Amino acid sequence: MAEYTLKEIIMQRKRIIAGNFKMNKTASEAVEYAKAFLPLVKGIDDVEIVLCPPSTCLQPMSVVLEGSAVGLGAQNLYWKDSGAFTGEISAPMLLDAGCGYVIIGHSERRAYFGETDQTVNEKVKAALGHGLTPIICVGEVLEERESGETEAVVDRQVRGGLAGLSSDQVASLVIAYEPVWAIGTGKTATPQMAQEVHHFIRGIVAADFGAEAAAAVRIQYGGSMKADNVAELISQPDIDGGLVGGACLTPDGFATLITNGRP
Ligand code: PEP
C-alpha cells in the first residue's frame, strides 16, 4: 500500500452493500431471487454488491452468480477446517460453495448463539487465512447507548475482533457498525449518529494498525437501512456502504437501495 498517498487510498475505497437474508429463503427461492436480481444491477461497477443467503442456498446461488460482479457471502463459519464439530461449516467449505465473503459476529449470533469477541476473532483469522473477506459486525444495544457506553462497547468489539491481525489484513476486511437497537426495528441511527461511531472506529484502526489501514478499511452501516435513507447515510465521510437485512429480501427493493447508494 505504501506507494499510494492516504488521499489516494481513500479515493480507492469502493462502497460495499451486502444483503443479509438471515434465515429466509429456500435454495430454490434464492436461485429465483438471484436470477431476478442480476439484470437489475447489471452494469453497476461503483458499488461492490454481496448477497449472503442461508448456507443451503450458497452453492446453487453461486452457479447463477458465476461470471457476474455480484459476490456471495455466508452468514457464519467455524474456525477449524474440518473435524468433529457437528452442525458447523468451515472456511474451505464456504470457498468450495462459491463464497468470497462471510459475515462474522452478527448481533443475533452474539445474542442467541453465544458468540464472543474471542470467537469472532478466531473466525476472522480463519476467514482471512483462507482468502474470504470477513464482514465483522459490531454495535451497542439500546441500554448501552442510553448509558453512554457506545464507544466502550464498540472499542472492545473492534479491538477484540481484530486482535493479532496485520495492517494489510485489516485494510482488506469490512467492519459493519450495526447499532442493535436499529436492527429490524425501523429505527435508523441518524446519519450524524452513525458517522460519529464510524469515525470512532476508523480512529481505533488508525491507532492500532496505522493510517493506511484506517484509510483503506471499509465500514458499513447496518440497521433499518432502506432505499429512502441509504443516500443520506452513505454520503457521510466514514460510511462506506451498508449491511442490509429486511430491505434486501426482494430483488427489486434491494436493487433500488443499491442504485440509490451509488456515488
Ligand atoms: C442486519 O440484520 O444486519 C440488519 C441490518 O437488519 P435490518 O436491515 O433488517 O435492520
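Two residues are in contact when heavy atoms of one lie within 4.5 Å of heavy atoms of the other. The model described here is predicted.

**Arg 110**

Arg 110 sits in helix 5. Neighbours within four places in sequence are left aside here; beyond them, Arg 110 is in contact with Gly 105, Glu 115, Thr 116, Asp 117, Val 120, Cys 137, Val 138 and Gln 157. Is Arg 110 buried or exposed? Residues under 20% relative accessible area count as buried. Arg 110 has a relative accessible area of 16%, so Arg 110 is buried.

**The barrel**

Eight strands form a closed barrel in the order 1-2-3-4-5-6-7-8, and their pairing is parallel. From one strand to the next, the twist averages 25°. In general, strands of a sheet pair through backbone hydrogen bonds, in either a parallel or an antiparallel way.

| Strands | Sense | Bridges |
|---|---|---|
| Strand 6 (residues 174-177) and strand 7 (residues 218-222) | parallel | four |
| Strand 7 and strand 8 | parallel | two |
| Strand 1 (residues 15-20) and strand 8 | parallel | four |

Ile 175 has Ile 219 in strand 7 as its bridge partner. Which residue of strand 8 stands opposite Tyr 221? The residue opposite Tyr 221 is Gly 242. Gly 242 in strand 8 also stands opposite Ile 17.

Strand 8 covers residues 241-244, and both of its faces are covered. Gly 241 and Leu 243 lie on one side, Gly 242 and Val 244 lie on the other, and all of these residues are buried. In a regular strand, the side chains alternate between the two faces of the sheet.

Helix 8 (residues 150-162) lies across strand 5 (133-138) and strand 6. The helix runs at about 155° to strand 5.

**Val 47**

Val 47 belongs to strand 2 (residues 47-52). The relative accessibility of Val 47 is 3%, and therefore Val 47 counts as buried. Apart from neighbours within four places in sequence, Val 47 is in contact with Lys 14, Arg 15, Ile 17, Ile 258, Gly 261, Arg 262 and Pro 263. One of these contacts spans much of the chain's numbering: Val 47 and Ile 258 are 211 residues apart in sequence, yet their C-alpha atoms are 7.7 Å apart in space.

The largest pocket holds about 530 Å³ of space. Its lining consists of 20 residues, and those nearest the centre are Pro 54, Ser 55, Gln 75, Asn 76 and Arg 109. Helix 3 (55-65) and helix 5 (107-112) are the elements that give two or more residues to this lining. Divided by class, the lining of the largest pocket has ten nonpolar, six polar and four charged residues.

The second largest pocket holds about 180 Å³ of space. Of the 18 residues lining the second largest pocket, Ile 183, Gly 184, Ser 224, Gly 245 and Gly 246 are the closest to its centre. How many of its lining residues fall in each class? Five are nonpolar, ten are polar and three are charged.

Notes
Residues numbered from 1 in each chain as written. Predicted model: local features only at pLDDT ≥ 70, side-chain atom pairs only at ≥ 80, totals over all residues. Heavy atoms only, no water. Pairing = 2+ DSSP bridges. Axes fitted to C-alpha atoms, helices over the stretch in contact; angles between N-to-C directions. 1 Å grid on protein atoms, 1.4 Å probe; cavity = no way out; pocket = protein on both sides within 12 Å on 5 of 7 lines; lining within 4 Å. Points joined across faces, edges and corners; volume = space filled by probe spheres on them. Nonpolar A, V, L, I, M, F, W, Y, C, P; charged D, E, K, R; others polar. Buried < 20%, exposed > 50% of the residue type's maximum accessible area, 1.4 Å probe, protein only.
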